[in-house]
Amino acid sequence: MNQIKINEEGTHDQISHWAVDRPSIIGLCIQILITVSALIAGVVFLEVSRRYEWGKIIYFKRLSVLPNNTPEYKEGFISLIKHIASISDQWIIDNVGLDAAMFIRMFKLGAIIFGFGSLVVAPILIPVNYFAQVPDYENFDNSTMPFLSIGLKRFSIANVPNHSNLHIIHVIFIYIFTIFVCKKLYDYYLEYLRYDYDYKKEETIRAHKERLGELVQFRTVLVQGIPSSYRTDKALKQWFIDHDIGDVENAFVMRDFDEYLIKIYYKRDRALRRLEDAYCTWINNIIDYQRKSGHLIEQSNASEEVRSISLCEIVTSSEIENKNKNKNENENENENKNEEDEIQEEKSLINADEPTLSNDELNTLKKELADNEEDVVDNIRRPVNENVTNVGEEEVADVDETTPILSRSVVDMNFVIESLRPTAFKKSGGYFVDSIDYYTEKLIKYTKVLKDLRLRFYDDDGSDKSVYTSSGFVTFKNQHSSTIASQVLLCSSNNTFDMICTPAPHSHDVIWDNLDITIKRKIFQNFTLSVLTVILIIFWSIPVSFISGLASIDKLENLEWLREHLPWLVNMKNLELLETFIPPIITSLFMTIAPYVFYFISSFQCFESHSAKEQSVMGKYYTFLLINLLFVFAIANAFITFLTALVQSPLSILYTIGSLIPQGSTYFINLVVHYPVSIVTTFTMPYLPFYYWFKRKLCRTPRDYYELKNETIYPDYCYNLPPALVIIVISIVYSIISPLILLAGFAFCIIGYFAFKYQILYFYVKEWEFYGKQWVFIHDRIVTGLLLLQVIMMGIFEVKGCYFTGIALIPAILGTMLYYYFFKASYERRTIHLPLDQYSSKTINYEHYRMVTNEALTEEEGQTQEEEKIEKEEKNKESKDIKELHLEEIKKNMEQAKECQTAKTPGFYENHSYFCPLITSNLSGLWIPSQAKKVLGEENLKKIGCLPDNENYESIKEKYKLREEDLKISYYFDDQWK
């Protein structure tokens, strides 16, 4: 075999600019100092922030949105750390989820592995490497502390001479380290399976009320590639019944969503928000007027209640006095009346189960509403006119108790209130319109058409095949049946893509837009984008390598800008420090954009669920990081040498890897030491207070304040997990090459454990759950890291001429591969499907199990067959059709909404069926500030949400066939979220 010899002298100018013999211990110490300073600053920032109310709202979000699933809040920092450390993995699984628990256990496993390495491996290998060649202190510039000038090469295997018998010690510790890591991986994997089994059991789910929605999920399967002959709800359900897979509760085939339905849905939401903004503008105008002309209001003989009397009402002074005496009673009565009206309005929406518009009328109206573009300039706030403020300055004459009074102040105030209503400019007509009337009219139209469209969504009887897609959901009456359905071969069609059945994702996890895409198209897009991802990862190395190369001493010395503006930096000591710090910083900054690119690519792969998409991004990002960090950043200038050697002699890859990969050990020590700085920015998120302050300044309506205070952040595992896992894997890869990295890896895992555990417990709120399947991802990558360690060490031994030592690693490589194959074959499927024996909570004694003879079995079968038939018929009669289920889901969503009453329940914790939110979500009513009760007056309060009584009233009512309950949008008073 023709090997390419890459000796130290020949490649010194070509290898990485942070080769192991250049950076010194003092550079590492300064890096540690920077990291510790960043950690202290982050902890102080968080501790100071949470002393304020806004800090608790921002950094302890779960306390407000999920108080029952959040641990107790502790005031002191030490108390908080102790409390976080005391919370068990089981508590996290029960209250947060398996994904969160497995993410935290990754750091826990890393801490155990590197703790073992720091106590067993490092104390022996570091002295062996250091004293393999004794350094000559006389040649170092630092005469007072020469040890600080020693390059980190002295602590790595690079300091061990060629053909040295000391490499036998390295081989022994490779075996010890491999066995320990595989044993811990084995134990953790079995614990994950146990957690997974318990987490998915029905009795476990029922024990936690917030998880009741998952009962439907585990009984449901997603069916794709449904043949055209079964693309109706009844046909699909009957197909599963006929094949005796299990009792079917319901089944429905996904329909194509009308683009007009989508447009009207979003137009209604926009009109609702603009109408709420218009009411807030009106109320603010009135309050501004009262503030500017308060002295005029005080001069009025009428109290605050007088301003709510209807226009031109004649009252006496005694009547006014009586009204003042009964102030509290009137307020209570008004509040009770408003509450009754709200309940009645809510009931009206529930009882309106039959649409009044025909299909032809709906088609005409929906096209008209969807195609018409808004042509108004929103909510022009009227300034308080000086002429308006002068109204009511006339003094009211003295009167006795019996003298009737024409309430001039009432007339004037009603006129003022009406004159302060916001207006909008209609561009098409070139005139102003009343904003409230305009958007109320729009909202009522959108609501009526949308309600009828939703009610008629499942009206078809299967005659129009074009509305059906090839995907659907089938819900069984027990988990046992759904598990069988998702594992068996369902269809004998020649088309391999027919009737593909998989466990259904959570209803909040489903990407509804991708369900109607055919499997063939998904495969084609997945293949194309996977090739694009590979090309991107390969070619990304070119700019990364170029930018990294700029950080070398030679390049820094030749920078004219640096010489002109910062001449004090252009000396060897400062440049060596820059060379130590710049690469990790460039790495962190340059890698920040990568996950967003991969997330964008994965958006076109048509995944059925967000969790599957997240898993895809996780795999791409991890591969990208590992390749770029291990082969590009660490050997930036030698990367072209590596590729050239690989092309010229592919068989020399082992020798080439053994020559070049160890050169990055010092870089990775600095990177692992530096990476906690990134963790600090992750758990403090210093931009959040400014973001919160900015969004609060933009809030105008009660809904804006409500959404701001209930806004949650999802723990993006596709962003947070790969970088941390790469650090762990690289620390494993370099654990024997440069044992100092074990200490850095241990510190990293401890910091990551507490930082992310705090966020999991108090900050993050999940939006979907992948049930800990990322543990399979973590397990496989750590095993790959072990294999990389063994192969690279074989290459190093070959470079150093220790051939028999390298051969001695072959059993370790084969053993690790055998372990990996064993796990893939034995346990991976168990993470996808729950084994059938785990569904029963009863313990069956198989040793004394009663065996039934064939004759007895035949008699029992004859007796039970008829009973089974009767039971099936009764179950089929009791089952509801899809339209009834759809109406029930709409009502259930309306009940769960609890508008303005409580904190918003995160979507994953709501109980939903498998209907697209467009056709079942609650159509929210108006949220009006409570100040409206004081400033608008009784007559105006009655008009809130009502169709404006103008020249268009009758025509709109007739055109849209509006019933009494359709003439008014429900409204709620709220100020508690401000």
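A contact here means that heavy atoms lie within 4.5 Å. Among contacts in the chain between residues at least 6 apart in sequence, 84% join residues at least 24 apart. The model is predicted, so local features need pLDDT of at least 70 and side-chain atom pairs count only at pLDDT 80 or more, while totals for chains, interfaces and linings use all residues. Residues are numbered from 1 along each chain as its sequence is written, and side-chain values use heavy atoms, with hydrogens and water left out.

Of its 978 residues, 52% count as buried, that is, under 20% relative accessible area, with exposed meaning over 50% and partly exposed in between (1.4 Å probe, protein chains only). The chain exposes about 46400 Å², of which carbon and sulfur atoms supply 57%; accessible areas come from the Shrake-Rupley method with a 1.4 Å probe, and for residues only the protein chains shown count as cover.

Two strands pair if DSSP finds at least two bridges between them.

Strand 1 (residues 220–224) is joined to strand 9 by four bridges and to strand 8 by five. Towards strand 9, Val 223 stands opposite Cys 501, and the bridge partner of Gln 224 is Ile 500. Towards strand 8, Val 221 stands opposite Val 474. In a regular strand the side chains alternate between the two faces of the sheet. Both faces of strand 1 are covered: Thr 220, Leu 222 and Gln 224 are buried on one side, Val 221 and Val 223 on the other. Because five of its five residues are buried, strand 1 is largely enclosed by the rest of the structure.

On the surface, Ile 32, Val 36, Ile 40, Val 44, Val 48, Tyr 52 and Trp 54 form a nonpolar patch with about 610 Å² of accessible area together. Helix 1 (residues 25–49) supplies the largest share of the patch, five residues, and Ile 40 lies in this helix.

Lys 108 lies in helix 6 (residues 98–130) and is partly exposed, with a relative accessible area of 31%. Not counting residues up to four places away in sequence, Lys 108 touches Asp 89, Tyr 188 and Tyr 753. The C-alpha atoms of Lys 108 and Phe 746 are separated by 9.8 Å, although the two residues are 638 apart along the chain.

Most residues other than glycine have a negative phi. Met 685 has a positive phi of about 45°; Met 685 sits in the loop between helix 29 (676–684) and helix 30 (688–698) and is buried, with a relative accessible area of 8%. Lys 961 also has a positive phi, near 55°. The place of Lys 961 is the loop between helix 42 (953–959) and strand 11 (971–973), where Lys 961 is partly exposed at 35% relative accessible area.

Technical notes:
Helix = DSSP H or I, 4+ residues; strand = E, 2+ residues; numbered from the N terminus. Patch = residues over 30% accessible without salt bridge, like charges linked within 9 Å, V, L, I, M, F, W, Y side chains within 5 Å. Salt bridge = Lys/Arg side-chain N within 4 Å of Asp/Glu carboxyl O.
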